[in-house]
Amino acid sequence: MKKSNLTNWILGIIVGLVVYLIPLSGINEAAHRCLAIFVWAIFMWVSEALPLFVTALAILFFESLLLKPVLNVPLEKFFSPFFSSTIALFMGGLVLADTLQKYHIDEMLAHRLLKRAGKNPASLLLMMILTTAFISMWMSNTAATAMMMAIAVSVTRNISADDPFRKSMILGIPVAANIGGMGTPVGTPPNAVALQFLNKGEMHVSFVKWMIITVPIMILLLIVSWRLLLYFFPPRAHSADLPLLSGEKLDRRQKSVLTIFAITLILWLTEPWHGLKSGVVALVPVILVFGGNLLNPGDFRKIEWDILFLLGGGMTLGAAVEDSGLSKYVIGMLSLDGVSPYLLFIILTSFTVLLSTFISHTSAANILIPMAAGLQQTSAGIISLGIGLASSLAMSLPISTPPNAIAFGSGQITIKEMFKVGLIIGLIGLALLASGGYIWFKLFKL
Amino acid sequence: MECKVKREKCPHCHSDKHHNYVVFGKNRKITVYVECADCHILVSRYSLEQYIDPNAPFESFLKQIRDNRTESGRKMLNNIQSYRADLTEEFANIKQEWKDHPETRRIYEILDDDSWGY
C-alpha cells in the first residue's frame, strides 16, 4: 500500500471516530453512527485511498457492525441493495455492452454512421459527436471514448498541425461521451443511483420515461457543445478525411447479438404495455448471450463487478441514511422547511458539478443523492434526477472523468483548453437544468 | 529499478538469436512462440497481456483501455501516463539493469519465486 493511501486510511478512521465522538444535540444513536459512516465514506471516496468498490463494501460492513445493533431492521435491509432491480438493470446493460464490443458491433455501427458524414469538417465533427453520444447511451462512456478517439486521432493526422480543428475533434469525443451517458438509465452509473431513488415509494420511472425526459436535454447539450467547439476551434481546412472505415457485412453471430439487443431495447421501451420492469428485462440479454454461447463464463467473470458493487454501496448508504433517521436530523438542523425546492435543486446540482469535477461521478452521486433525496421529500425525484444528470456535466479537468483523461492523454489539448470548454458546457448545462429542465421534470410529476 | 532482467537463451545451443512467431486467432489470446534462430527448437511460448507499439503508444493504449475500465479519472490519467512514458528510455534502462545484474534462472523458476507475486 502506498504511504499516502495508508495515511488517508488512518485519517479516514480518525475522521469517522471524531464525528461519532462529537456530541450533537437531538441526534439519536443510530443516526449519529450513520453520520460517522457517511463522513468516513465521503473521505474515502474523495481520497480514493481504497479502490472505490472496497469503500462500498466497507460501508456494508460498518452498517452491519455498527448500525444493526441499534436499529430494528433486518440485516437484509443493508445487503439487498447490492442486488436490487436497479443493479440487475445495470448488469444487463454491461453485459449488452460487452457483447456489442466483443463482436465489434459498436465499431461497425460507428463506421456506418460516420460514412454519412461527408468531408465538411463541421458536419464531420457533428457526426462524430452524435455517434459517440449514441454509443455512450448503451456502453460505458470510457469504452465509447476509447473506440471513437482512435477514429478521431486518425482524422487529425490528415489535418495540418496548426489547424485548431484538431482540438475540436479530440475534445468533442469526451464531451459527447459524457453528455451521451445521460440518455438512458444504463448510460452511466450515476443514472442508476438516481433511478434507485426515483423508483422509491409510489413514483416509478421506466426506461422509456427516463429517455423521454433526458434525451431532449442530451440533444440540446450536444448541439450547443458542437457550436461551442466550432467557435473556439474553427476549422481552417475545407475538408477532412475519415480513415478507411470497415464496410464488412454482419456474420451469423453478429446478427444474433443485434437481434438480442433489439429484443431487449423493444422490451425496455414498451414497459408501459407489458409491465415487465426494466430490471427484469435486463436479465433477458444476460440469459440469451450466455445461454447462446455468445459470451462464455470467462466473459461473465470479466463483467465490471466493481461498478456494480460501487452502485450497491451508494444504495445501501441511502437505506441507512433513511432508516437511521439521519436524513430527518439533517433536515431539522438545516432548517430547510422554508427553502423552496427550486432553490435547493439549483444549489445541489451546482454542488454536484463542482464535486464531480474532482472525484468519480458515481462516488459523487453516491454521496449526494441519498442525503439530498431525504432533504425534500416532496421533490426527492426531481432532486435525485438533477444530481444524476449534473454529475455528467462535470468535465472541465482531465481527472473529472476517464473520457477526459483519455482525451488529455492524446497530447493534443492542454488543460486550459479542456477547462475552458468543459466549464462553459457545464455552466450551460446547469442553466438548462435550472430553467427549462426543472419545468420539464415537473411535467412528469417527479 | 525494482525488477530483474533475463536475456533469454536457447536451452539447447545457448544461442541468444531468436525468431518470434506472433499468432492471432478468434477466441484465443495472442500468443508469441519464440524459436531459436540457430537450432530452430521452440524456446518458449508467451500469451500476450498487453501490447504497446513504441511508435504509436496512445493508439495501443486506446485498444486496450476498452477492456480495462475504471470509474476514476485520476486512475485513468495514471494509466495513460504509464503508457506515455518514453519506451526507448525505459528499454535502455532495462538493458543496463541486465548488464549490471543479469538474471540467470530459468523463467519457470522465476515464476515459482513467491517474492515476485506471480
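Me: Why do we say that H17(A) passes H20(A) in a right-handed crossing?

Reply: A crossing is left-handed if the near helix is turned anticlockwise from the far one by less than a right angle, and right-handed if clockwise. H17(A) and H20(A) cross in the right-handed sense, so the near one is turned clockwise from the far one. "Helix" here means a DSSP run of H or I with at least four residues, while a strand is a run of E with at least two, all numbered from the N terminus.

Me: Before we go on, what kind of model is this, and how do the labels work?

Reply: This is a predicted model, where local features need pLDDT of at least 70, side-chain atom pairs count only at pLDDT 80 or more, and totals for chains, interfaces and linings use all residues. Residues are numbered from 1 along each chain as its sequence is written, and chains are lettered from A and ligands numbered from 1 in the order in which they are written.

Me: What makes H17(A) and H20(A) roughly parallel?

Reply: Their axes cross at roughly 20 degrees and come within 9 Å, with H20(A) covering residues 361-375. That angle makes the two helices roughly parallel, because angles under 35 degrees count as such, over 145 as roughly antiparallel, 65 to 115 as roughly perpendicular and the rest as oblique. The axes are lines fitted to C-alpha atoms, for helices over the stretch in contact, and angles run from 0 to 180 degrees between N-to-C directions.

Me: Which residues make that contact, and how do you know they touch?

Reply: On H17(A) they include Leu310(A), Gly314(A), Leu317(A) and Val321(A), and on H20(A) Ala365(A), Ile369(A) and Gly374(A) are among them. Two residues are in contact if their C-beta atoms, placed from the backbone, lie within 7 Å. By class, this contact has 8 nonpolar, 6 polar and 1 charged residues. Ala, Val, Leu, Ile, Met, Phe, Trp, Tyr, Cys and Pro count as nonpolar, Asp, Glu, Lys and Arg as charged, and the others, Gly among them, as polar. Glu322(A) is in the contact, and Glu counts as charged.

Me: How many residues does each chain bring to the contact between A and B?

Reply: Chain A gives 27 and chain B gives 16. H8(A) supplies the largest share of chain A's side, 7 residues. That side has 15 nonpolar, 10 polar and 2 charged residues.

Me: Over in chain B, how do you know that E1(B) and E2(B) pair?

Reply: DSSP must find at least two bridges between two strands for them to pair. E1(B) and E2(B) have 6, in the antiparallel sense, so they qualify. One of the bridges joins Val22(B) to Val32(B), and Asn20(B) has Val34(B) as its partner.

Me: What about E2(B) and E3(B): how many bridges join them?

Reply: 5, again antiparallel. Val32(B) partners Tyr46(B), and Glu35(B) stands opposite Leu42(B). These two strands form a hairpin with 5 residues between them, and His40(B) in the turn has a positive phi of about 65 degrees.

Me: Why are E1(B) and E3(B) called edge strands?

Reply: The open sheet runs in the order E1-E2-E3, and the two edge strands each pair on one side only.

Me: How confident is the predictor about chain B?

Reply: Its mean pLDDT (the confidence in each residue, from 0 to 100) is 84, and 92% of its residues reach 70 or more. Confidence is highest in E2(B), at 95, and lowest in H2(B), at a mean of 80. For the complex, the predictor gives an ipTM of 0.75 and a pTM of 0.85.
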